Amino acid sequence: MDRPTAAAVLRSSDADRHTHAAAYLRSLLAGCLGTAPDQVALDQPLEAQGFDSVTIAGISVIIEEDLGVRVPIAELAASGLGELARLLAADVRTSEREAGEVGADAPVDRSR
Amino acid sequence: MVTPAAYRSSVALEATLGNPFDPAAPVPYRSLIARDEREQRPDEAFEVAHQWGISRHLTPTGEGGRLTCFEELLSLLRVLARRDPVLAVGHGASLFAGLPVWMWGTAAQRALVAERLAAGEFGAIAISEDRAGSDLLATETTATPTRAGFRLDGEKRLISNATRGTFCTVLARSGPCLGLFLLDKRALPADRFRHLPKVPTLGLRGNDLSGIAFDRCEIPVSARLGGAGRGLEMLLTASSYVRVLACGIALGAADGALRIAADWARERRLYGQNLLALPPVRERLSAACLDLLTAECVAVSAARALTLGADRSRLWSSVAKYMVPLLCERTVRNAARVLSARFFLREGPASGMLQKFARDSAVMGILDGTSMVQLNLIASALRSVAAPHAQDRGPDLDPTSLFSLTTPAPPWRPRHTGLQLRPVARDEITQAWDGPRLAGRFALFDAERTGLTRRIQALTWTHGTPRTAYALARRHCLLHTAAACRHTWVHNRRLLDPELATPQWLAACWDRLLAELGLGPPEPAAGLPEDDLVDWLSRVCSEGRWPSLLSLPPPSKGQHHGQANRRGGAAVQ
């Protein structure tokens, strides 16, 4: 599954959210590394996988563009990707949630 | 000799600064050295550059300036640096402070910076802190939101223009994210910030290097630059531009040193003959000259890439920032060896200016990201470039557009730049390259390229960047440099002086890079007779030109070293 599709799935469904968030992250990181999604490890933080600060900053921007969630770079660098998938599963608004929320146009800012 | 449009302003600036060897010129070496000895800023020299209009070239056309072309700005910084690197660093710091403003600032913020620069004032970029070092995520200075805006607390140190800068772009923690803030220092509460003492340094002694301490310093909400909490992302994007432009400073110090050495070798008599006739001296001059021209190939293409292939600039600007200072420092060292004992004396040839170039150029590999930082960024970029899996790599970039100096690079449009943080997917400089063969030399680089890709693909990234990746990144830099020399030579032969238009020049450059890779150049040795290159260097310098691929025309006739006139170059303008 490519990244836009994985993002759309995560944003559209309230079921299996952690699985969808993990699939999205695999797809995103695979795109950064030029590798296949199933070769992306989710058990290690980005900095342990050798991602440099510029790439991590870029990943933060992509996540915000795709999912409307701002993940601070320091948190993105040091968190295990499994943990990050849980955060995204909790924070990404789905179309069902947006329908019932006020101010749903604003991005979710994890930096606050 | 055709002078590409991007270089005409450099010829004019050089003319305005005058003959550096003439004590009566507007900006002579003698007065710059005197200032340096006293660790004083060369204010008169800054004023000459301002009167000429250097600030216009730091300001985009849309804001009332003339900045559209980074190749031109690279060359202007080189001209300033060959006179005194302190001049280039001072204006470079203003530029770095302005870049995020030009790209993401509001109309009011852009107007403030444009107005200050036009008035001959300076800006500072306050990023580093004592404890955080190069780890920007460890930034401790805070910008706490208040009802009226933000409250700044913390100490920024090792900041160029910290004291004289009237505007300042500050990186500060705002919650768990980092933000950028543009400060109008004149509008700050005077009792809530203070300048730190000037920092003594090995080189750049006249640079205004100190720091700023903020203590509950209230700033308005309008000080925030760009998107909230995206300060680091903006800064990392702007850094690609700064890394390339810093190469202009290294080039200037190197060609200034080389010209002093060439002049000395031509004038000094030893053993009954000119120094220039001695084989060891010719060998040093030839090596210095090749390193400088090689560095120029890398730097100029990196500058053009900023508007031609911005999504590759993450890689190419780091390669340039790694290689160019390295080559330029070696140029200065070889130039110093030509002066021999005279280099050690604080009098004599060019009033000790070569010593100053040596001291000043020592910082070039550190400034705006150390060599180790660059290798880390390069290794990371190569990981995605070398990845075998198909991905959206985008369209090819034709190296012709990147290297053909007679075709202007597209103008910079700062408001459309955006964050440039995506992984690098292509590297046409090292990939789109298939000769000339040059008696087996290309085959060695070709094998190196294939082997590098294989070894990068085989790296395991489970505990951060593997140690081997740094060594491979360094080898990639050498390969990139060889390719840059090739592309430059292929696409600009008609512009070059006859000695450089010959393939033997390219072979000589390649042989030095092959040696760095630990690969012996194939026999026979490089065909360019050392004598040809040294004779070219000597001729160029005696004609009042500067050692450069384009060896731009002299500012005016009759202004050569040894023929100083009292009008200096200003009269030519």
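This is a predicted model: local features need pLDDT of at least 70, side-chain atom pairs count only at pLDDT 80 or more; totals for chains, interfaces and linings use all residues.

Trainee: Chain A to begin with. How many helices and strands does chain A have?

Mentor: Chain A contains six helices and two strands. Starting at the N terminus, the order is α-α-α-β-α-α-α-β.

Trainee: And how much of chain A is buried?

Mentor: Of its 112 residues, 56% count as buried. As for contacts in chain A with a separation of 6 or more, 58% of them link residues 24 or more positions apart.

Trainee: What does UniProt annotate on chain A?

Mentor: There's "domain: Carrier" over residues 24–88 of chain A, from an unreviewed entry. That stretch is 60% helix and 3% strand in the model, and its end C-alpha atoms sit 10 Å apart.

Trainee: OK, switching to chain B. Which domains does the assignment give for chain B?

Mentor: Domain 1 of chain B is 1–229, and domain 2 is 234–386 + 424–532. The contact between them takes 44 residues from domain 1 of chain B and 45 residues from domain 2 of chain B.

Trainee: What separates the centres of domain 1 and domain 2 of chain B?

Mentor: 27 Å, taken over C-alpha atoms.

Trainee: Let's zoom in on α5 of chain B. How many residues does that helix have, and what does it span?

Mentor: α5 of chain B has 20 residues, 85–104, and runs 29 Å from its first C-alpha to its last. That's close to the 28 Å expected at 1.5 Å a residue.

Trainee: Where is the kink in α5(B)?

Mentor: At B:Gly98, shortly before the proline B:Pro100, and the kink is about 30 degrees.

Trainee: What caps the N-terminal end of α5(B)?

Mentor: B:Asp84 does, with a side-chain oxygen 2.9 Å from the backbone nitrogen of B:Val86.

Trainee: I was looking at B:Glu296. Where is B:Glu296 found, and is B:Glu296 buried or exposed?

Mentor: B:Glu296 belongs to α8 of chain B, residues 279–308. B:Glu296 is buried, because its relative accessible area is 4% and the cut-off is under 20%.

Trainee: What does B:Glu296 touch?

Mentor: Not counting residues up to four places away in sequence, B:Glu296 touches B:Arg78, B:Leu251, B:Ser548, B:Leu549 and B:Leu550.

Trainee: How about B:Arg312, where does that one lie?

Mentor: B:Arg312 is in the loop between α8 and α9 of chain B. B:Arg312 counts as buried too, at 7% relative accessibility.

Trainee: Which contacts does B:Arg312 have?

Mentor: Its side chain makes a polar contact with the side chain of B:Asp311, at 3.0 Å. Beyond four places in sequence, B:Arg312 contacts several residues, including B:Pro395, B:Asp396 and B:Glu428.

Trainee: Last one. What's 540 residues from B:Ala15 in sequence but 4.7 Å away in space?

Mentor: That's B:Pro555, with the distance taken C-alpha to C-alpha. B:Ala15 itself is in helix α1 of chain B and counts as buried at 3% relative accessibility.

Technical notes:
Residues are numbered from 1 along each chain as its sequence is written. Chains are lettered from A and ligands numbered from 1 in the order in which they are written. Side-chain values use heavy atoms; hydrogens and water are left out. UniProt positions are given in the numbering used here, feature names are shortened, and annotations may be inferred rather than shown by experiment. Helices (H or I, at least four residues) and strands (E, at least two) are DSSP runs, numbered from the N terminus. The expected span of a helix is 1.5 Å times one less than its number of residues. The bend at a residue is the angle between axes fitted to the seven residues ending there and the seven starting there. A polar contact is a pair of N or O atoms within 3.5 Å; within protein, one must be able to donate a hydrogen and the other to accept it, and residues adjacent in sequence count only if both atoms are side-chain atoms. Domain bounds come from an automatic or database domain assignment. Contact means heavy atoms within 4.5 Å. Buried means under 20% relative accessible area, exposed over 50%, partly exposed in between (1.4 Å probe, protein chains only).
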